[in-house]
Amino acid sequence: MRHPPRLTALLAGAALTAASTALVVSGTASGAAAAPLCTVQYSVTGSWSGGFQGAVTVTNDGPAVSSWKLGFDFPGGQVISQGWGAKWSQSGASVTAVNESWNGSLATGAGATTGFLASWSGSNPAPGTFTLNGTVCDQDPGPTPTPTPTTPTTPPTTPPTTPPTTPPTPVTGAPELGVTGNRLTDRNGATRRLLGVNRSGGEFMCVQGYGIFDGPVDDASVQAIADWKANAVRIPLNEECWLGLTNIKPEYRGANYVSAVRDLVNRVIAHGMTPIVELHWTYGQYTGNSAGCADVHASCQKPMPDAQYTPAFWTSVAETFKNDRRVVFDLFNEPYPDRATPTAAQAWTCWRDGGSCPGIGYEVAGMQDLVDAVRATGAQNVLLVGGLAYSNDLSQWLAHAPADPAGRVAAAWHVYNFNTCADESCWTGTLAPVAAQVPLVAGEIGENTCGHAFVDRVMKWFDERALSYLGWTWNTWNCASGPALITSYDGTPTTFGIGLRDHLRSLNGN
């Protein structure tokens with residue numbers, strides 16, 4: 001099924017982290033009948049030592065404009081280093097944001113959201129005055145009405161002071177998750193980060209005829225993950241095994257496979273962790289650039305999901321878990337249509353809309369098809385959606401994000417030390433704008449050095465922005481042939497795994 005292009009709705013920055021601040025400036029006149037010219041909402045959506053991330057939403061309450069320029073002064077010496085959603089500039093304390101070509105027109109009542117990264121020291125006070133196209137937002141160009149004389153009355157008493165609010169208390173155990181602005185949240189509205197590991201095996205053992213999981217998935221082995229102070233486990237799956245296709249051995253397919261996956265999901269939840277069920281290997285023959293195998297069956301990573309089986313897979317998975325919002329759905333492991341299609345534009349269109357994609361010989365199910373398949377069952381679970389280049393490229397994610405009627409889509413990203421987007425400059429340039437709009441989850445982080453210097457940098461960058469990440473992988477493989485976190489399923493770490501284990505324990509308690 002093909003879908004017409006969609007533009008992602010801009011999400012206002014009203015849903016803030018616990019440390020955020022917000023300032024709303026309304027352009028009100030002194031007469032009650034006069035309409036305001038604009039409303040500006042300024043918020044700090046993330047803060048770390050020496051820096052912060054901000055969002056500004058401006059709503060035009062006056063006549064329609066074809067272009068706009070937002071202006072304000074930083075009162076505390078803050079300096080913007082990067083921005084998005086507008087062309088940002090700064091001279092001394094004065095900051096200017098000019099519209100991009102695609103968001104210049106603002107009808108009456110329309111708004112635009114922009115974001116930025118900035119440095120600060122000492123304190124980080126919010127700007128006090130904003131202008132839209134040179135007009136101060138709290139002024140009205142019309143004449144000031146003559147006030148009607150009134151009889152003096154007793155001065156009003158000072159209103160009671162509103163007690164300071166405190167952050168919501170997180171629910172205990174594995175939470176039912178939702179999305180509030182750019183955060184994952186639980187039933188109490190508390191921000192939740194997914195910090196944990198991948199448990200590989202369910203994607204390959206069954207199709208290779210060896211079993212369902214690689215190594216034990218009993219209570220003791222799940223407890224060992226929890227002992228690292230992980231709060232999430234990503235579980236890769238195989239669509240042919242789940243759907244029970246006849247090329248899979250009977251003992252490893254269909255009801256047997258589904259039952260084993262459900263049992264593991266329930267164990268993860270029982271240990272207070274969030275299970276993330278993820279589609280890893282799919283049907284469809286691809287022999288083009290970067291092909292993992294020539295097999296039509298789900299025996300390797302394909303560039304995109306297939307229209308023949310993947311929507312049915314997600315319909316079945318969603319029906320299985322739709323009554324439990326503690327389960328997160330990761331729709332497709334690592335798309336790479338960019339290796340098959342001639343242009344990036346075609347790749348992103350293929351990614352979202354599917355259909356007949358250049359360079360891919362089977363009918364593709366786009367990300368919108370998969371969102372639609374899940375939501376058609378009534379499932380309201382949070383969905384993770386990875387980008388291009390094996391989920392390492394999110395540069396056009398916001399512009400092509402699938403529409404979700406439930407508003408519970410998060411961006412998924414993968415990074416290893418050998419990827420293209422593997423340094424702080426790329427992360428700040430391409431990830432920060434996405435993280436300003438939607439939750440961002442690094443579903444796989446790892447390195448092939450048998451050390452943890454690279455993932456230490458990744459975790460630092462993500463911690464500073466209160467984002468989520470999961471290490472690859474909780475399997476007893478030789479770390480020289482691939483990132484493996486453990487040497488034993490009792491949780492004994494590799495040198496690589498020591499970095500993740502000790503960091504999780506430092507965040508969540510020893």
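1. A disulfide is a covalent bond between the sulfur atoms of two cysteines. In this structure, which is a predicted model, a pair of cysteine sulfur atoms counts as a disulfide when the two lie within 2.5 Å. Cysteine 350 and cysteine 357 form such a link, with their sulfur atoms 2.2 Å apart.

2. The link of cysteine 350 and cysteine 357 is right-handed, with 100° about the S-S bond. Both partners are buried: cysteine 350 has 2% relative accessibility, and cysteine 357 has a relative accessible area of 5%.

3. A search of the whole structure finds 6 disulfides. When bonded cysteines are counted along the chain, the pairing pattern reads 1-2, 3-4, 5-6, 7-8, 9-10, 11-12.

4. One of the disulfides joins cysteine 206 and cysteine 241, whose sulfur atoms are 2.0 Å apart. The bond is right-handed, with 95° about the S-S bond. Cysteine 206 belongs to the loop between strand 13 (195-198) and helix 1 (219-227), while cysteine 241 belongs to helix 2 (residues 239-243), so the pair ties together parts that are 35 residues apart in sequence.

5. Cysteine 421 counts as buried, at 4% relative accessibility.

Conventions. Residues numbered from 1 in each chain as written. Predicted model: local features only at pLDDT ≥ 70, side-chain atom pairs only at ≥ 80, totals over all residues. Heavy atoms only, no water. Helix = DSSP H or I, 4+ residues; strand = E, 2+ residues; numbered from the N terminus. Buried < 20%, exposed > 50% of the residue type's maximum accessible area, 1.4 Å probe, protein only.
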